Amino acid sequence: MNWDVALILTVGGLATGSVYLLAGLGLVLIFSVTRVVFVPFGDIAAFAALSLAAFETGTTPPTIGLVLTLASLAVVAELWQLMRRRELARMPRVLMVWGLLPALPCLAAWWVTGRNLPAIAGIVASILLVVPIAPLIARIALRPIADASVLVLLIASLALHFLLSGLGLLFFGPEGSRTHPLVAGATTLPGGFPVSMQVLLMIASAIVLSGLFYLLFERTLHGKALRATAINRVGARLVGIRPARTAALAYGGGSLLAGLIGVLIAPVTTIYYDSGFIIGLKAFVAAIIGGLASYPLTALGALAVGLVESFASFWSGALKDVFVFGTLIPVLLLRSLLASRIEEEEEEIDE
Amino acid sequence: MTAALLEIGDLHVSYGRVEAVCGVSLSLAPGQIVSVIGPNGAGKTTLLAATMGLLPSTGTLRFEGEDLRGLDVEARVERGLCLVPEKRELFGDLSVQDNLQLGAYAKRLNGSTMGRRLQSVYALFPRLAERRSQLARTLSGGEQQMLALGRALMSAPRLLMLDEPSLGLAPLIVCEILAIVRTLREDGVSILLVEQNARVALENSDHGYVLESGEVALSGASSILAGDARVQATYLGGGTDDD
Ligand SMILES: Nc1ncnc2c1ncn2[C@@H]1O[C@H](COP(=O)(O)OP(=O)(O)O)[C@@H](O)[C@H]1O
Ligand SMILES: [Mg+2]
């Protein structure tokens, strides 16, 4: 391997790493607020990519049907709860929040379909279209068991992934699609090394979005409320933060990130209804590196995963995933060592 | 007599089959400091948790005449109830200032009102101002109690419920904190003070209730309670105190 190859692999690795970074941020966001390892994350990214492909061919994206189905289920779940609590007076609000709100991006998507609009309209519509998916499936299946153990939540979340990819097959069919590049052409780095604009866009998106993430969580009261819910649920309730609402926000934010990932990867790989899972799994490796809690460590972990994958695929395409998931072993060892040391220290403080 | 701010009537609270609060009635007038004393396990914490909505209960619960049943914790916070729990429930990994700002979360303040409230809390607790960018979990016990109280004050509550503010604190800090609690009344905050330390509670309140095994055993003006032979024997160390 010479320097040129190494450079190509590095840039490629950073580009895939950027995707894992965004996905990792989404996973940590959802986990820290709700304790759910959100396995269906990747599926939502795949749905955004397939929606964009549908817009490009001028057909109505089947995602609309999917979102409306989920919204109807969520409305039924909410109404059932209202009936049991005898609070039917709150029905209009429920219909607004769980029925009308998810229908808005569907309406926008339906309006965009088949019109000769600039490509950006389809991109935005695809992203917005998947935003309701995570909050809706979480409302239907995860809210009723919100106080269960992390393991039970993980199992439920895994089941949701299979459900969602089944729905994906039903709504999108088995064919894969790839979209036009979001930005065409290439540029040359100093030193005469060419990179495609698409790759630069992926890296730039990751940088900009992690910056926005930082600002949101460090600088706004609502961001702090999200972190507060993650740190102490009872404390959060006592200052008037509703955990169910924060959870919906976290799921919405996660869904938005998944949508962005979907449109970023749609032009570089062929996406099938079930392509999302492996992206989610690798982002999960990154999130584990961050202890499912630290955004900066997750970001670094994601870039590391991207680089390992890129270099590993140069040596052996068949074994690249083995290398990626193999990195989990030393990470977990280190984590459990650190964790036991921290526990010991805390015990000492208690004494 | 003016209408009660908080009216608790025949309140029952259970953990599974075990009833921890069995038919407690209590009322608190605007501007009053009411204390609830009693031994460990009497149901004091349970009473506050149920009033705040953290635990389900049966009986009547009225705040400013409004029925509280059917309102969740967050809605009660919006009405002006505020609990400083025994465990403080701070946000340990957030800074002191973030903890304080979140205290006003339910009030949706604009930037300048938020800043003014922060300044007034810092004026009450200068030690918090010094530590404003420190993480809450790095504070000492007394400072954490001040932060818990400060966070509660950020919401400008109508009724402040304090669960054992003296717990685990040095007497000097307890005095400091209770002196501040007394000044709050002048700002129109009513206080429900729960304490195991009966002397501290009765010295700092207008009216007192003695809770035993989930029931009100005695109640009356704090000065009269403090002179009551049984209270003295059981809770004030038989009057042989020397500190
Ligand atoms: N989470 C709980 N589960 C079961 N029983 C509890 C729980 N919390 C308190 N209790 C019981 O309820 C009774 C009242 O407790 P508590 O309200 O904490 O008393 P106090 O605050 O007066 O010390 C005690 O007998 C206690 O054992
Ligand atoms: Mg107690």
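**Exercise 1. Describe how helix 12 and helix 13 of chain A pack.**

*Solution.* Step 1: in this predicted model, helix 12 (residues 276-289) and helix 13 (residues 295-315) of chain A pack at an angle of about 135°, and their axes lie 7 Å apart. Helices here are DSSP runs of H or I with at least four residues, strands are runs of E with at least two, and both are numbered from the N terminus. Axes are lines fitted to C-alpha atoms, for helices over the stretch in contact, with angles from 0 to 180 degrees between N-to-C directions.

Step 2: helix 12 and helix 13 of chain A are therefore oblique to each other, given that angles under 35 degrees count as roughly parallel, over 145 as roughly antiparallel, 65 to 115 as roughly perpendicular and the rest as oblique. Their crossing is right-handed; this term applies if the near helix is turned clockwise from the far one by less than a right angle, and left-handed if anticlockwise.

Step 3: from helix 12 of chain A, Lys282(A), Val285(A), Ala286(A), Ala287(A) and Ile289(A) meet Leu297(A), Thr298(A), Gly301(A), Ala302(A), Val305(A) and Glu309(A) of helix 13, where contact means heavy atoms within 4.5 Å. This contact has seven nonpolar, two polar and two charged residues. Ala, Val, Leu, Ile, Met, Phe, Trp, Tyr, Cys and Pro count as nonpolar, Asp, Glu, Lys and Arg as charged, and the others, Gly among them, as polar.

Residues are numbered from 1 along each chain as its sequence is written, and chains are lettered from A and ligands numbered from 1 in the order in which they are written. Local features need pLDDT of at least 70, side-chain atom pairs count only at pLDDT 80 or more, totals for chains, interfaces and linings use all residues, and side-chain values use heavy atoms, without hydrogens and water.

**Exercise 2. Determine how helix 6 and helix 7 of chain A cross.**

*Solution.* Step 1: the axes of helix 6 (residues 133-142) and helix 7 (residues 150-172) of chain A come within 11 Å and cross at roughly 125°. Step 2: these two helices are therefore oblique to each other, and their crossing is right-handed. Step 3: Ile133(A), Ile137(A), Ala141(A) and Leu142(A) of helix 6 meet Leu153(A), Ala156(A), Ser157(A), Leu160(A) and Leu164(A) of helix 7. By class, eight are nonpolar, one is polar and none is charged.

**Exercise 3. Characterise the largest cavity and its lining.**

*Solution.* Step 1: on a 1 Å grid over the protein atoms alone, a cavity is a set of points where a 1.4 Å probe fits but cannot get out, a pocket is an open set with protein on both sides within 12 Å along at least five of seven lines, and lining residues have an atom within 4 Å of a point. Grid points are joined across faces, edges and corners, and a volume is the space filled by probe spheres set on the points.

Step 2: there is one cavity of 30 Å³ or more, and the largest cavity has a volume of about 60 Å³. Step 3: its lining consists of Leu238(A) and Val239(A) together with Cys82(B), Leu83(B), Val84(B), Gly103(B), Ala148(B), Arg151(B) and Ala152(B). Strand 6 (81-84) and helix 6 (141-153) of chain B are the elements that give two or more residues to this lining.
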